[in-house]
Amino acid sequence: MKSAIFPAPDHDHGRCSADALARAEALCATRAQRLTPTRRLVLEALTASHRPLGAYEIIDRLAERGPRPAPITVYRALDFLLAQGLVHRIESRNAYIACIGRHEDGAMMVFLLCDLCGAVGEAPSAAVAKTLVAAAASAGFTPKTPVIEIPGVCAHCGGR
């Protein structure tokens, strides 16, 4: 289970990234949405690691490969990718991470944020969701964003 949430440091990241991009292309085709070159570049920047990036970090990474994009261009691409469920926003870090796609659209997500290496594990949790939705409903409350962020130390860093 640990490897499913936090990939091993020596995993085939090229394959991991290629799978995420292929999933994005297929999802956009199914939904009749365009994964434009700019949107794809932003997603590629995010799939380059399992660490969240802020918008300006994405801009810096894109500038290494070509012209420096305007912030509004990157934010628009991020808005599209968020709307399609291809990236997640990590609120506590004001950053974004590529979705690894092991959950249903709109499912409550638990993000495990490693304080040491910066990696983010994406863990769907139906049991947690059921409990929280019931608690919210009993209070007459409707949650806006079904996300929980938990800082800590991942299994790979635990021995440090």
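**Burial, packing and backbone**

Visitor: Is Ser-49 buried or exposed?
Guide: This is a predicted model, in which local features need pLDDT of at least 70 and side-chain atom pairs pLDDT 80 or more, while totals for chains, interfaces and linings use all residues. Residues are numbered from 1 along each chain as its sequence is written, and side-chain values use heavy atoms, without hydrogens and water. Buried stands for under 20% relative accessible area, exposed for over 50% and partly exposed for what lies in between (1.4 Å probe, protein chains only). Because its relative accessibility is 17%, Ser-49 counts as buried.

Visitor: Which residue has its backbone nitrogen 3.1 Å from a polar atom of the Ser-49 side chain?
Guide: Ser-49 sits in the loop between helix 3 and helix 4; helices (H or I, at least four residues) and strands (E, at least two) are DSSP runs numbered from the N terminus. The backbone nitrogen at that distance of 3.1 Å belongs to Arg-51.

Visitor: Against which elements do the buried residues of helix 3 pack?
Guide: Helix 3 covers residues 37-47, and its buried residues are Val-42, Leu-43, Glu-44, Ala-45, Leu-46 and Thr-47. Contact is taken as heavy atoms within 4.5 Å. The packing partners are helix 2 (13-30), helix 4 (55-63), helix 5 (71-83), strand 1 (87-90) and strand 2 (95-98).

Visitor: Which residues does Val-74 contact, leaving aside neighbours within four places in sequence?
Guide: In soluble globular proteins, nonpolar side chains tend to be buried together. Val-74 is among the core members that touch the most others. Its contacts beyond those neighbours are Val-42, Ala-55, Ile-58, Ile-59, Leu-62 and Pro-69.

Visitor: Is Ala-32 buried or exposed?
Guide: Ala-32 is placed in the loop between helix 2 and helix 3. Its phi is near 55 degrees, a positive value in a residue other than glycine. Since its relative accessibility is 68%, Ala-32 counts as exposed.

Note on methods
Core = buried A, V, L, I, M, F, W, Y, C linked by side-chain atoms within 4.5 Å. Polar contact = N/O pair within 3.5 Å; in protein donor to acceptor, adjacent residues only side chain to side chain.
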